[in-house]
Structures are given as structure tokens and as C-alpha cells.
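Let me put the model up on the screen and then walk you through the packing, the contacts and one of the sheets.

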Amino acid sequence: MEQFLAFGIVGLSTAAIYAVIGSGLVLTYVTTGVFNFAHGAAGMLAAFAYWQLSAGWGWPVPVALAVVLLVLAPAFGLFVERVLLRPVQHLGEVERMVMMVALLSGLIAAARWIWNPNEARPLPVFFADRAPLRAGPVTITWHQALTMAVAVVAAVGLWALLNRTRTGAEMRATVDDRALAGLTGADPVRANRVAWILGTQLAAAGGILIAPAVALDARQLSLLIVSAYTAAIFGRLRSLPLTFLGAVVVGCLESYLTGYLPQNAYLPGLRLAAPALLLFAALLLFPHRRLRGRDRRLAPVPAPSARGALVFAASVAALGAVLATVLQGKDLITLGPLLPLGIVALSYVPLAGYAGQISLCQLSMAGIGAVVWAHLGAGGQPWALVVAVLVSALVGALVALPALRLSGVYLALGTAAFTVVLDRWIFTLPSFDVLGVRISMFDQGSLEVSGPSLLGLRLDGERELMVLSAVCLALVSLGVAVLRRGRFGRRLIALRDSEAAYATLGGNLLAARVAVFALAAGIAGFGGALYGMQLRTITAEQFSLVAGLPIFLIAVIGGLGYVGNGLFSGTAFVGPNILLGLASWTQNVVAVLPALAGMGLGHSPDGLVPRLRREWEPVARDRVVLPAVLCVLALAWLLRIADAVNGWLLLAGALAGALALRGWAAARRGAAAEPEIPVEWWGVRRPWRAEDGEVLARGIARG
Amino acid sequence: MASLEVEGVTVSYGGNLALDGVGFAAERGRVTGLIGPNGAGKSTLFDVVSGLRRPSSGRVLLDGRDVTRMGPARRARRGLARTFQRLEPFGRLSVRDNLLVAAELGPARRHPGRVADGIVHRLGLAEVAGAPADTLPTGVARLVEVGRALAVRPALLLLDEPAAGQDAAETRRFAELLRALAGDGVAVVLVEHDMGLVMSVCDEVHVLDLGKVIAVGPPEAIRTDETVLAAYLGES
């Protein structure tokens, strides 16, 4: 009984922290309509800042607390509201969510840059020198008591703010209808600001309170917040009392699992994964949503021409051959994952681009493909690759079944929860048997991966694998292009653009969604297997949620509706790694890059791939310049093979030559002006272009 | 037997009754009008019939079979198709692709291209067949939605303000189209504010007001019905 009570106290004090953090999340969500994926990361940053001031620089605890909670946290909240969210406010819910994912990824990378993760940073609990309070059989430390007191103060304070002040009334009005609240004299911008400041302060308080109980680790702290998310989902992201109740459930569950879960090799991970499992379950208990009509900005999904797709695929294969012949030693290993991760990123195109399903678990699917290949394909049997794809697809379909009820932010959250369950539990399991089949994960460490044998050739060297990956990316790109032009692709876009219309025409939403999840997971699993071959040794860490976020961000920045996104994402994500060899600090810069790119989403919401395409199209269509470009590239390649120039010179020369020729092509095209099409026929007699909207708006503004 | 029967359907939003024990019927080969002031519950009734909204009580029967608990897709496979007052095109697909998606889901899925091209021709959409549905003016977009509904070869067609945004000549052509569809044996239900169109094309008109049916009858009778005039003009 005493033990039971003791675990209860631990559970309640953890619950108090989750309640504080969760209520901040609810507050920002209801007022601003932004689901703050980076909420936990803000708490993490606050904990680090507090450590730096109090332990690092030796400031007195009250001063350090005051600076973090009253100066740094509000400043950070204002920064997020002003700099990150204003540019995407007019875009959709998904774009705002991507911004917060970028912030999460960026904060983790930044914290690991500033505070070397290999150093231990113990953070003392509050009032560590005071003897714990005792009441009968119950013992409660001052830190625990303080934590619970903070939760109570937060609860009372939020209630008073929302129900007893003008600002609170404005915030509640903004929840219901932003525009309407503005018309009646409320100030939605001020309500937003207050929500961000308070939300960040609550996250900061929670982060500082929880940090002494766990290690001061950027990734771990940012994701601990999964538990707080679970609490917020209990409150349906709206109700503060239910959020507090949810926090109690999650906190006590974790505590009692720690106390009473049987000790064996399979279950410790379950305790870590329990909040994520609970989150998944809580999402599924959400009320059935109505079929969605068109209320969002729809991303473009152009159908590639057959010729264009073939040319692109051939270029990808050629690029693989060039890379395999040009790269040497370390660079060959560094750039090896470029094309396989391109395939993983390409899986977002049918899933998120065509079908509009935002999933954060694609790299986990890649992990499953890699694990299956590592275990079954040790001898290089090609059929094992097929099995790897099928198993990944099956898992993808299993995720889709419960996810049918979710969309947008909730779907992203659900898939993220699924990924956390894999990271913390499933991937860490030792081998086990299900129905007589032996299932092995990462064998609680790392796995050796070898290359396949195809047509009697054992493909095991970096160069061969590079060419293989290139051919595979080319084929998958071609496959996605065919998909876009075919019946299934049309259906996916139809159901994305209007679920209601698709269903009332007789379309089966469940079947289409399960199919596209399975397809995307299969593609990701395929890419994962190739990624594993390049890495040679794989660990669960390489396929975790945090590792997958940058790939997601880069894919979004590329433009989710474009077949060329695979090559773009692989290049943009892995390409900068060649800088790693230059100096040790470049590693941190490279780690922050995807997040920074993600934050730039407001500038080109439709993606960079169409922009690149527009810029390079004149070259591809010019009968003089195109051969010239190819000659320049071929010449550069020959010089490199003959060892007359080094890799950097080759890259710079090829880029400079190609850019110069692009300018030439653009000039030539400008000379041969295109025939004028009357403005009312734009989008009819010629395709609608991205810039047309702005041209029209300017024309109207000029009168 | 009526193609569509609605019996005692009640729907409430919060505390407000959007539909209050509504009964309705439509028959094959006839155009049935459904009119009423804004907020009368016309679109809600379409949502209930097409399965997008569950009524709190009442039944919906298609060809005598109770479909109240069926989802929208299963009802569609029983021959029901609709358009939306608030447009729901597949915005980023071309007009022809919009029609293709529907044709591939309908009974003519073996030759969807032929069905789509036939509708493009019939509705005069050839000029815009390649344009994304998002970029069309409202009148044309409504026509595309009608075409999309026709592509599944419906036995029961619900049209929610299909003629809004059309000029006089277009409306005349549209009336001919509706008569031709009824002639092919389709049960057409028409929600429309253009009284000229309703009165010229409908065989029977139902009038909804504040969630209740206040009058049913042939157009000439409805035109002079005092309750209907009161509901529209706000006088007793």
C-alpha cells in the first residue's frame, strides 16, 4: 500500500508537469489555431537556458528563473508569433503545422549545437536540501509539492484569465471566429500574442520542472512532451479541465507502469512508449469527423508528360553513373544515402502530395524495410527485397486503418505517436516469435547489411550500390509519374480535393486511403533497404522520429506534388554533407539547414521543384543550348575521370558553366517572344502559371 | 414505386431544428422541384439523402429500400448522384479528369473515356476540358459538377442550385437538358432560386420553410399558394 501511494505521488507530480505543459498547448491551439509541435522543444530550450544561467554561470536560482520565465520565454513566444507564423497565417493549417515541425527540428539541432550533447549537465531539484514532507504513510518532496502547486496556480490563473478579463474574452471570441471577433472590436493579434507568451511560459515552467527528473538531453526532453500532447488530446485540444484530467491519467499510468510492470526483456520499452500508445488511442476516440469538403488551399499536382518523365528518369540514372565514377573515398560514402533517401522522400508525393495525407512515419517505414532486408537478404537474394517492400506496405496499411478517422494535424500527430512507439519499444525488442515466425528487430544494437546479388553480380561496393540506387530512384520516379497519369492517381487527388464529392460519387475512402498508405510505405521500405545497404551497419536511431523530420521538411519545401521531389529532397538533404569533411563546426550548420529551409515555406508555398523547373525549362527546350550544356558537363566529367581536376573544381566548373548557359537560353527565349494570349484565356488556352495570380492582382490594382 | 422517399426526417444543429419531420418523394421520369427561402433546410435535406448527414430520426428509402444507415458511397452505388450548392470540384484536376474520376466509379467504368467525352460534348465543355476545375467561373464549374454527377449514370439526381451564375440562354439550354434527363427515366430533384426555371421545368414542386414542408403541388398551384407567398414575402 505504501509503495502504491509512493508511486501515486510520483505519478501526480509528473501529471502536474504534463498538465502545465498541456494547458499551454491547448491555450495556443484554441486561440491561434496552430498546433504547436515545438511546444516541448520550447520547454527543452527553457530548461537548457535555466541550466546555463543557474549552473553554468552561477546566477542565483530566483534570478535565473525570473530571467527565463519572464524575459526569455515571452520573447521567444513573440518571436514565434511574429517571425514564423505571420508569413504563413494566410496559408492553410498544414502549412502552419509544417512551420512548427521545422521549429521543433531546428530547436533540437540548435540546442545540440550550443550545448554539446556529450557533456553531462545535472540539474538539481528545487529545495533539494529540505527534508521531505510526511503525512502518514505518504512522503512528498518539496520539489514534488512545488510542481503540484505550480499546476494549481496555472489552472486557477488560466480560469481567471479566460473568464474574468477582457483579454480572456477576446481570446475566447477569437477561438470561435477570428474575423468576426475582429469586427466586434476585439483584437485577434493581441489575443494571439498573449496566447503565445503564456503558452511559452507554461512550456518553460514545465520544462524546468521536469528536467531534473530526466537527463538534460535535447531530443529526449522535446519528445517527453508526447505525454503532454496526450493530455491535451484528452481535452480534445479545447478543454482545460479535461486536459488536467488527461495529465493525471498519463502521469499515473507512467508511474505505475514503472512500479508494477513485470521485469523482462520485452516490456521496459512499453513503459517508455505508453504515453504514445495512449495518444494514439485517445486520437481514435475523437468523435467521428464529417467528411471534409474543400476548405483548404490545394497544392498543385501537375501531371508529368510521358516524355518528360522518361527524360527525368534517364537523367537520374545518368546522374548515378556520373556520381559513381566521379566520387572518391569518403565523399562516395557521404553521398551514398542521397539517392536511397530520395526514394524515401518520394514516398511523400503520392501520400502527402496526391492524397493529402500528412504522415510523419515514412522514415520508420524505411527502417522496417531496412530491417527486413538486413535479416532476410544477408545472402543478397533479390526476393528478400520484394519481401522488405511487402512487409513495409503491410505495416503502412495497418497504420492507415485507424488513421482513417484522422486528418491534417491529428493525422500527423497520430503517425508521430506511432513512430515514437516504434522508436521506444518495437525497434528495441529482442527477437520474438509470432505464430511460429521468428521476428527480429535491430537485435538491441546494430545490424550488418549487405548488398544484393542481381543477374549473377554481387553488388556490394559503394559505386555499384550508387548506380543501383540511381536506377531504382529513376524507376520509382517513373512509377509515380505513371501513377499520377492513371486511374489511381486521379482518385487520390479527387479524394484530397473533396472527400464529400468523392464519397457521394461512390468512391471508397477507406480502400483508397489504405492503398495509398501501403503504397507509400512500400516505396519508403524499398528506399530504406537501399539506404541500409549504403550504410552497411544500421541502428534504430537512424530511423527515429527526430531523424525523419528533416526529410519531411525538405520534401515539403521541394513541393509535395512533384515527381522530381525525390531527386530534389535527396540532393538537398544529403548533398550539404560533403561540407562535413571541411571543418568540425559544419556538422551543426548542416543539421540546422532543413529546419531553416522549412521556416522559409512562406516564401514559396508551392515548393522549389516547380521553380527550378521554370528556371531550367528554357535550357531543356533550346536546341542549341541543351547540347552545349551536355557538352560542358561531359567535358567536366572527362576531365575529372582523367584526374585533371579535383571534385570541388569539377562541381564549381559544372555549376558555373550550366548557370551561364541557362542565362543564355533565357535570353534566346526572350528574343523569340511567345504569342500574346488574351488575359481572360489564361488557364484555358495556355496552362495557368503560378505567377499569373500576382500579375492579375497588379493589373487590377493599377485599374 | 417512388425512386426516393423521405419519411419524417429530423435534423438539429445545436438546439435549432434544421429539418422537422420532413417528408419528400421523387419519381423516375419526373423533375421534382424543392424550393424555399434561404435557411429553409434544402441543402441539409440533400445531405441527409446523400448520406453525408445522419438524421436524428426518420428514414430515407431508395427504390423502396431503407438506406438510412448506409454511407454516401453505398448510396451512390445504388444510383444516387448529387451536386453541391457550395461547389466541390476536384479543384486541381482538369475538367475532363473530374468527369473521368466519376465515370470510373460508375457503372460505365469499362470505357470511362467515352463517357467523359460524351458529357464534355453534351454540356458544351470542350473549350475548358483541359483546364483545372479550380480556375473556372462559377457558372461553368456548376455545369462541371452536373456533368460529374451524370458520369455515374444516376437513377436519382440531386441538383443543388445548378443554374446559379448562368445567363438566360444557358438557363434555357439547361432546362432542355433536365427535361431530356427526365425523359431518359432519371428522377431529377432540383433545388433552385430561379423561379422561372423551376416553374417551367418541374412536374411537381415541394416548398420548405424553417425545416418544414409547407406546400406540395404542381407549379401552377404553388405559384398562387398563399402560405408559400407568405413564407417568401414574410406576410400573413
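So, start with Ala46(A): leaving out residues up to four places away in sequence, Ala46(A) touches Val68(A), Ala73(A), Ala203(A), Ala204(A), Gly207(A) and Ile208(A). Touching, or being in contact, is a C-beta criterion here: the two C-beta atoms, placed from the backbone, lie within 7 Å. Before I go on, the housekeeping: this is a predicted model, where local features need pLDDT of at least 70 and side-chain atom pairs count only at pLDDT 80 or more, while totals for chains, interfaces and linings use all residues. Residues are numbered from 1 along each chain as its sequence is written, and chains are lettered from A and ligands numbered from 1 in the order in which they are written.

Back to Ala46(A). Together with Leu553(A), Ala46(A) has the most contacts inside the largest nonpolar core, which has 293 residues. By nonpolar core I mean a set of buried Ala, Val, Leu, Ile, Met, Phe, Trp, Tyr and Cys residues joined through C-beta atoms within 7 Å. And buried means 20 or more other C-beta atoms within 10 Å of the residue's own, exposed means 12 or fewer, and partly exposed is in between, again with C-beta atoms placed from the backbone. Which helix gives this core its largest share? That's α23 of chain A, residues 509-535, with 15 residues. Helices here are DSSP runs of H or I with at least four residues, strands are runs of E with at least two, and they're numbered from the N terminus. There's also a second, separate core of five residues, including Val619(A), Val625(A), Val629(A) and Ala665(A).

While we're on buried things, look at α15 of chain A, residues 338-346. Nine of its nine residues are buried, so α15(A) is largely enclosed by the rest of the structure. Among them are Leu338(A), Pro340(A), Gly342(A) and Ile343(A).

Next, domains. Chain A is divided into domain 1, 15-246, and domain 2, 312-596; those bounds come from an automatic or database domain assignment. Their centres, taken over C-alpha atoms, are separated by 33 Å. Across the boundary, 18 residues of domain 1 are in contact with 19 residues of domain 2. On the domain 1 side, α4 (93-114), α9 (218-224) and α10 (226-234) of chain A are the elements that give two or more residues, and α4(A) gives the most, with 13. By class, that side has 14 nonpolar, two polar and two charged residues. For those classes, Ala, Val, Leu, Ile, Met, Phe, Trp, Tyr, Cys and Pro count as nonpolar, Asp, Glu, Lys and Arg as charged, and the others, Gly among them, as polar.

Now the two chains. The contact takes 24 residues from chain A and 29 from chain B. On the chain A side, α21 (487-497) and α22 (499-504) each supply at least two residues, and α21(A) gives the most, with six. That side divides into twelve nonpolar, seven polar and five charged residues.

Over to chain B and its open sheet: four strands in the order β2-β1-β4-β5, with antiparallel pairing. Strands pair if DSSP finds at least two bridges between them. Why do β2 (16-26) and β5 (65-66) of chain B each have one side without a neighbour in the sheet? Because they stand at the edges, each with a single partner strand. Further in, β1(B), residues 4-13, is joined to β4(B), residues 57-62, by five bridges, and Thr10(B) stands opposite Ser57(B) in β4(B). Helix α1 of chain B, residues 42-50, packs on the sheet, touching β1, β2 and β4, and its direction makes about 65 degrees with that of β2(B). That angle is between N-to-C directions, on a scale from 0 to 180 degrees, with axes as lines fitted to C-alpha atoms, for helices over the stretch in contact.

Between β1(B) and β2(B) there are seven bridges. They form a hairpin with two residues between them, and Gly14(B) in the turn has a positive phi of about 60 degrees.

Last one: Val11(B), in strand β1 of chain B. Val11(B) is buried, with 22 other C-beta atoms within 10 Å. Not counting residues up to four places away in sequence, what Val11(B) touches includes Ala18(B), Leu19(B), Thr44(B) and Val48(B).
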